[in-house]
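Keep the viewer open while you read.

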Amino acid sequence: MRLLGVLGGMSWTSTAEYYRLLNESVGQRLGGLHTARLLIHSVDFAEVDAMARDENWAGMANLLSDAARGLESAGAEAVLLAANTMHHVAPEIEAALNVPFFHIGEAIALRVASHGATKVGLIASAQDDSSYRAALADEGIELMRPDEVEQADITHIIYDELVHGVVRTPSRKRFQQIMARLDKDGADGIILADTEIQLLVRGEDADVPLYSSTQIHVEGAVAWMLG
């Protein structure tokens, strides 16, 4: 099994979910007592979030690139960034490495395209969608976003609840309303593009296919680990 480096801490709940899914997937594939071979560098989310809010992408790129290089130096044979918004600086992280980097947007685009979808909604905490928009456009897929009010509610639920491990029924209902509106406006599917969202939303919460960025990202990484 190849050794995977996980760049996490954005948030710790997201990284914990990645850790669980990576180990469950390896266990299901190999059986017995097998678990995932992982190195994890967990950064201080407050520092990274402040850079994102200030749009200090250069500072974020330097911080995360240094952490990624540390994983590589420690023996990681590939690196996975366990976050969505921070993929804004994925090109810089990838350029800093001599080992493969698993890009979440590319993984999602390939999965959505394989299902024949041509128009998908994107639910995420941040307005920046460049990591997904370019990858989806390469596959001929149009991207839809929530409106301003919906986006504010999504961001509140993620940052004030989910990153702290808080899961509330009213918040699930609000997500259901937003996904139903995207469905009504023509979405063939919906991408859940913040790793924490999987803590709240399930497949039965929408009438169109839901694409969990975390799950799909993990599946690609595990395929590589065991390939």
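## Ground rules and overall build

A contact here means heavy atoms within 4.5 Å. With that cut-off, take the contacts in the protein chain between residues at least 6 apart in sequence: 72% of them join residues at least 24 apart. This is a predicted model, where local features need pLDDT of at least 70, side-chain atom pairs count only at pLDDT 80 or more, and totals for chains, interfaces and linings use all residues. Residues are numbered from 1 along each chain as its sequence is written, and side-chain values use heavy atoms, with hydrogens and water left out.

The protein chain has nine helices and eight strands; these are DSSP runs (H or I over at least four residues for helices, E over at least two for strands), numbered from the N terminus. The C-alpha trace spans about 50 × 40 × 35 Å along its principal axes. A compact globule of 227 residues would have a radius of gyration near 17 Å, and the protein chain agrees because its own value is 17 Å. That radius is taken over C-alpha atoms, and the globule rule is 2.2 Å times the number of residues to the power 0.38.

## Surface and burial

How much accessible surface does the protein chain have? It comes to about 10000 Å², with 49% belonging to carbon and sulfur atoms. The areas come from the Shrake-Rupley method with a 1.4 Å probe, and for residues only the protein chains shown count as cover.

Of the 227 residues, 52% are buried. Buried stands for under 20% relative accessible area, exposed for over 50%, and partly exposed for anything in between (1.4 Å probe, protein chains only).

## Cavities and pockets

Both kinds of void come from a 1 Å grid over the protein atoms alone: a cavity is a set of points where a 1.4 Å probe fits but cannot get out, while a pocket is an open set with protein on both sides within 12 Å along at least five of seven lines. Lining residues have an atom within 4 Å of a point. Grid points are joined across faces, edges and corners, and a volume is the space filled by probe spheres set on the points. The count comes to two cavities of 30 Å³ or more. The second largest cavity has a volume of about 80 Å³, and 13 residues line it, with M10, T85, Y159, D194 and E196 nearest its centre. That lining divides into seven nonpolar, four polar and two charged residues, where Ala, Val, Leu, Ile, Met, Phe, Trp, Tyr, Cys and Pro count as nonpolar, Asp, Glu, Lys and Arg as charged, and the others, Gly among them, as polar.

The second largest pocket holds about 150 Å³ of space. Its lining includes E17, R20, L192, Q198 and L210. Helix α1 (12-30) and strand β8 (210-212) are the elements that give two or more residues to that lining. By class, the pocket lining has four nonpolar, three polar and three charged residues.

Most residues other than glycine have a negative phi, and most peptide bonds are trans. Against that background, a cis peptide bond joins M10 and S11, with omega at about 10°. S11 lies in the loop between β1 (4-8) and α1, and M10 is also one of the residues nearest the centre of the second largest cavity.

E55 is not a glycine, yet its phi is positive at about 55°. You'll find E55 in the loop between α2 (45-53) and α3, where it counts as exposed because its relative accessible area is 59%.

## A few residues up close

Is D129 buried or exposed? D129 is buried, since its relative accessible area is 12%. D129 sits in the loop between β5 (119-123) and α6 (130-138) and, leaving out residues up to four places away in sequence, touches L122, L143 and R145.

A58 is in helix α3 (residues 57-73) and counts as exposed, given 54% relative accessibility. G165, in the loop between α7 (148-160) and α8 (169-184), is partly exposed at 43%.
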